[in-house]
Amino acid sequence: MTEQTTTSSATSTEDAATPSPTDPLWVERNGTRTYTGFTARGARVEIGPASAGAVFTPGELLKVALAACAGMSSDRAFARRLGDDYKTTIRVEDPKNVAEDRYPVLTEKFEIDLSMLDDEDRAKLLTIAQRSIDKTCTVGRTLKAGAQIPDAQFEQPAEG
């Protein structure tokens, strides 16, 4: 894993890339097809099939990660123009291709009020926001690049 760094070509209108946390991440099995995901920082998320109730499915986590990454990447651009208290909802609702068991398209849809801007300022802001997303959204960049996923490794638990 490499850390993302900023380059000297970053402009004041583009967000700087932030280093990726290197804290350990893991999931622990709770029961049949249900897990809890953890970070060493103390965050946790419940994961399982939709039939398990108030949990995220792995596919939902992928979509939420993409939406949050796009939001975080474009946040400074929008806040600079709209104010720190601007509101937005970002949806990624594209359907799963059940036969292939994958999401062929993941579209980030921002619901954001830009009515106070004229057409020129709106177009400029959206261009800046998209550039920020393209440059600093690690999740989107990873998906677009087609990350390699080696075969899983299976190890005996450490005795303790």
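**Briefing: salt bridges, a disulfide and a helix pair**

Arg44 and Glu46 form a salt bridge in which the closest N and O atoms are 3.6 Å apart, a salt bridge being a side-chain nitrogen of Lys or Arg within 4 Å of a carboxyl oxygen of Asp or Glu. This is a predicted model, in which local features need pLDDT of at least 70 and side-chain atom pairs count only at pLDDT 80 or more, while totals for chains, interfaces and linings use all residues. Residues are numbered from 1 along each chain as its sequence is written, and side-chain values use heavy atoms, with hydrogens and water left out.

**Salt bridges**

- By this rule the count comes to 8 salt bridges.
- Arg44 is exposed, with a relative accessible area of 56%, whereas Glu46 is partly exposed at 29% (buried means under 20% relative accessible area, exposed over 50%, partly exposed in between, with a 1.4 Å probe and protein chains only).
- Arg81 and Asp121 meet through their side chains in a salt bridge of 3.2 Å, N to O, and this pair links distant parts of the chain, with Arg81 in helix H1 and Asp121 in helix H2, 40 residues apart.
- Arg81 is partly exposed, with a relative accessible area of 41%, and Asp121 also counts as partly exposed, at 28%.

**The disulfide**

- The count comes to 1 disulfide, defined as a pair of cysteine sulfur atoms within 2.5 Å, and it joins Cys69 to Cys137 with an S to S distance of 2.5 Å.
- Cys69 lies in helix H1 (residues 58-82) and Cys137 in the loop between helix H2 (119-136) and helix H3 (138-145), so the pair ties together parts that are 68 residues apart in sequence; helices (H or I, at least four residues) and strands (E, at least two) are DSSP runs, numbered from the N terminus.
- Both Cys69 and Cys137 are buried.

**Helices H2 and H3**

- H2 and H3 pack at an angle of about 70°, with their axes 6 Å apart, where axes are lines fitted to C-alpha atoms, for helices over the stretch in contact, and angles run from 0 to 180 degrees between N-to-C directions.
- The contact (heavy atoms within 4.5 Å) is made by Asp134, Lys135 and Thr136 of H2 together with Thr138, Arg141 and Lys144 of H3.
- Lys144 and Asp134 also meet in a salt bridge of 3.6 Å, N to O.
- Lys144 is exposed, with a relative accessible area of 68%, while Asp134 is partly exposed at 36%.
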